[in-house]
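Subject: Handover of a structural model

Dear colleague,

Please find below the structure that I am passing on to you. I would be grateful if you could read the notes after it alongside the coordinates.

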Amino acid sequence: MRALLTRVEQSSGMDPAGDRLQRVVLGTLRPRRLRDLLHGVTLGHPLHPAMVQVPVGAWISAAVLDLMSGQRRAATVLVGLGTASAVPAAVAGLNDWAALARDQRRVGLVHAAANTVGLGLYAGSLAARLSGRHGIGRTLGFLGLSAVSLGAYIGGHLAYKQGAQVNQSISELHRMSDGWHSLAEMATLPQRTLITREVDDNVSVILYRHGDEVTVMLERCPHQSGPLGEGEVREIDGHACVVCPWHGSAFRLNGGEVVQGPSGNDQQILPTRVQNGVLQTRVP
């Protein structure tokens with residue numbers, strides 16, 4: 001299975017279909033506020049993984065009830081709940097998928113295909129149950145659970161092996177040694193200008209001074225490791241924000257909260273202090 005998914009990652013033959021679907025998704029989900037909502041910007045956490053808990057939980061519970069006697073009605077209700085809730089979860093997933101790198105989108109297509117087959121089987125199961133054909137409904141339900149379980153496995157590969165929609169920058173913290181690290185003389189820091197510095201010669205951070213306050217933030221964008229130090233500072237909703245030059249994710253410079261996707265994760269701010277006129281930072 002690992003070898004198969006590796007071949008899928010490298011399968012450029014999927015790109016024409018994937019590119020067309022990406023254009024459709026971006027064209028349909030055009031308002032930025034809608035895309036940000038589906039990315040989970042308001043939560044500071046990707047929305048799709050949370051949403052899939054409802055259909056998956058309902059369908060697994062229905063499968064358990066299908067193995068018991070006298071639970072037809074309850075199982076039918078759960079199949080219906082899972083089928084209905086899978087639709088908005090899929091929309092959120094497509095929105096995330098459209099912002100991924102090409103190799104991630106290839107695997108994401110297979111993930112979506114498996115779940116689409118599963119959803120179709122569960123829709124058929126629901127129709128059969130409502131018409132009194134509970135035996136067929138159970139069979140279709142178990143087939144649907146098999147399909148979405150395969151989809152979940154592929155989704156795990158997408159997230160944990162390929163790093164889709166996980167925080168790409170947080171691992172930088174694990175490379176920083178303990179204790180305070182000197183970054184710059186306060187007197188040399190310009191106002192309202194992004195400055196890039198290194199901690200331990202291997203962890204890049206950005207500095208932003210506003211009055212006597214200085215923000216120190218990890219420089220790698222959580223979405224796809226874009227260089228925030230090369231981004232622009234823009235005021236969004238009354239807050240100074242750094243905007244990633246790669247995909248446009250924006251983060252508040254006074255707290256790190258994501259205010260604009262495709263990132264669904266906040267950016268890490270580091271503690272600071274000034275000792276003898278020198279700005280210092282450390283691991284939170």
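The notes below set out what was found, from the overall make-up to single residues.

This is a predicted model, in which local features need pLDDT of at least 70 and side-chain atom pairs count only at pLDDT 80 or more, while totals for chains, interfaces and linings use all residues. Residues are numbered from 1 along each chain as its sequence is written, and side-chain values use heavy atoms, with hydrogens and water left out.

Overall make-up

The protein has 284 residues, of which 45% are buried (under 20% relative accessible area; exposed means over 50% and partly exposed in between, with a 1.4 Å probe and protein chains only). Its C-alpha atoms fill a box of roughly 80 × 40 × 35 Å along the principal axes. The secondary structure comprises eight helices and 11 strands, taken as DSSP runs numbered from the N terminus (helices are H or I of at least four residues, strands E of at least two).

Annotated segments

The unreviewed UniProt entry places the feature "transmembrane region" at residues 75–95, 107–128 and 140–160. UniProt positions are given in the numbering used here, with feature names shortened, and annotations may be inferred rather than shown by experiment. In the model, residues 75–95 are 100% helix and 0% strand, with the end C-alpha atoms 31 Å apart. Residues 107–128 are likewise 100% helix and 0% strand, and here the end C-alpha atoms lie 32 Å apart.

Ala-74 belongs to helix H6. Ala-74 counts as partly exposed because its relative accessibility is 31%. Its C-alpha atom is separated by 9.5 Å from that of Ser-61, 13 residues away along the chain.

The largest pocket

A pocket is an open set of points on a 1 Å grid over the protein atoms alone, with protein on both sides within 12 Å along at least five of seven lines; a 1.4 Å probe is used, and lining residues have an atom within 4 Å of a point. The largest pocket holds about 1000 Å³ of space, the volume being that filled by probe spheres set on the points, which are joined across faces, edges and corners. Its lining numbers 38 residues, and His-48, Val-52, His-111, Asn-115 and Gly-155 lie nearest the centre. Two or more lining residues come from each of helices H4 (48–51), H5 (53–66), H6 (72–97), H7 (102–130) and H8 (134–161). H8 gives the largest share, eight residues. By class, the lining has 23 nonpolar, 14 polar and one charged residues (Ala, Val, Leu, Ile, Met, Phe, Trp, Tyr, Cys and Pro count as nonpolar, Asp, Glu, Lys and Arg as charged, and the others, Gly among them, as polar).

The sheets

Strands E5-E6-E7-E8 form, in that order, an open sheet of four strands with antiparallel pairing (two strands pair if DSSP finds at least two bridges between them). Its edge strands are E5 (232–236) and E8 (258–260), each of which pairs on one side only. E5 is joined to E6 (residues 239–243) by five bridges, and Arg-234 stands opposite Cys-241 in E6.

Another open sheet has three strands in the order E1-E11-E10, again with antiparallel pairing. E1 (181–185) and E10 (272–275) have a single partner strand each, so one side of each is left without a neighbour in the sheet. Four bridges join E10 to E11 (residues 278–281), and Arg-273 stands opposite Gln-280 in E11.

With kind regards
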